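Here is a friendly briefing to read alongside the model. Please keep the viewer open as you go through the points.

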Amino acid sequence: MSTPHVVVVMGVAGTGKTTIGPLLADALGVPYAEGDDFHPPANIAKMTAGTPLDDDDRWPWLDAIGKWAHGRAGLGGVVSSSALKRVYRDRLRTGAPDAVFLHLTGDRALIERRMADRKGHFMPTALLDSQFATLQPLQEDEAGVSVDVSGTPEEITDRAVAALRQLAN
């Protein structure tokens with residue numbers, strides 16, 4: 001299955017965006033871009049210190065992701081971005097109007113366990129509460145699907161592909 005759309009893999013930290021994104025891109029036959037790579041160094045330093053980003057920190061990051069997605073318009077691609085608020089997704093859609101969102105969802109305890117097991121990532125588990133507090137799930141008028149993150153990465157990816165396929169019909 002391939003897609004001319006750019007799929008934005010979204011969700012709170014620890015849901016597996018960085019794991020599922022490349023697997024989904026491979027399944028769809030399109031390139032993957034890691035959303036964290038679009039953060040300026042100041043954002044990474046702030047998060048590493050345990051300080052949540054504010055909207056002023058996020059706008060240039062979202063614009064950079066939107067620019068990448070715009071460049072993939074009609075070609076397809078997968079990019080990760082927490083995209084926790086509707087206004088952030090709207091900002092991404094400004095750059096890439098045909099973007100489709102894949103919201104990775106899960107139980108807080110599961111996500112916290114996965115975050116605690118990660119090695120070498122700048123996002124501490126201490127910021128998980130702020131992530132859940134900020135999260136605004138996809139709304140009915142937004143192109144996208146939600147997929148639960150329980151199970152193996154392959155199972156999650158299979159569910160994501162099936163859900164995106166249903167969305168396309």
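This is a predicted model: local features need pLDDT of at least 70, side-chain atom pairs count only at pLDDT 80 or more; totals for chains, interfaces and linings use all residues.

Residues are numbered from 1 along each chain as its sequence is written, and side-chain values use heavy atoms, with hydrogens and water left out. Helices (H or I, at least four residues) and strands (E, at least two) are DSSP runs, numbered from the N terminus.

**The sheet**

- Five strands make an open sheet in the order E2-E3-E1-E4-E5, with parallel pairing; two strands pair if DSSP finds at least two bridges between them.
- E2 and E5 are the edge strands, each with a single partner, so one side of each has no neighbour in the sheet.
- E1 and E4 run parallel and are joined by four bridges.
- Met 10 sits opposite His 103 in E4.

**Helix H1**

- H1 covers residues 17–28, and its twelve residues reach 16 Å from the first C-alpha to the last, close to the 16 Å expected at 1.5 Å a residue (the expected span is 1.5 Å times one less than the number of residues).
- Its buried residues are Lys 17, Ile 20, Gly 21, Leu 24, Ala 25 and Leu 28; buried means under 20% relative accessible area, exposed over 50%, and partly exposed in between, with a 1.4 Å probe and protein chains only.
- Seen down the axis, these buried residues fall within an arc of 135 degrees, so they line one face of H1; the arc is that of the directions from the helix axis to the C-beta atoms.
- They pack against strands E1 (6–10), E2 (32–33), E3 (77–80) and E4 (100–105), and against helix H7 (153–168); contact means heavy atoms within 4.5 Å.
- After H1 comes Gly 29, whose phi is positive, near 70 degrees.

**The nonpolar cores**

- A nonpolar core is a set of buried Ala, Val, Leu, Ile, Met, Phe, Trp, Tyr and Cys residues joined through side-chain atoms within 4.5 Å.
- The largest one has 20 residues, and Val 7, Leu 24, Val 78, Leu 102 and Leu 104 have the most contacts inside it.
- E1, H1, E4, E5 (144–148) and H7 each supply at least two residues of this core, and H7 gives the most, with five.
- A second, separate core has 17 residues, including Val 6, Ala 69, Tyr 88 and Leu 92.
- Thr 157 lies in H7 and counts as buried, at 5% relative accessibility.
- Leaving aside neighbours within four places in sequence, Thr 157 is in contact with Ile 20, Leu 23, Leu 24 and Ala 27.

- Rings of Phe, Tyr and Trp (its six-membered ring) pair if their centres lie within 6.5 Å; planes under 30 degrees apart count as stacked, over 60 as edge-to-face and the rest as tilted.
- Trp 59 and Tyr 88 form an edge-to-face pair, at 5.7 Å centre to centre and 75 degrees between the planes.
- The pair links distant parts of the chain, with Trp 59 in helix H3 (residues 55–71) and Tyr 88 in helix H4 (residues 86–95), 29 residues apart.
- Tyr 88 is buried, with a relative accessible area of 1%.
- In H4, the buried residues are Arg 86, Tyr 88, Arg 89, Leu 92 and Arg 93.
- They cover an arc of only 160 degrees around the axis, which puts them on the same side of H4.
- The buried residues of H4 pack against E1, H3 and E4.
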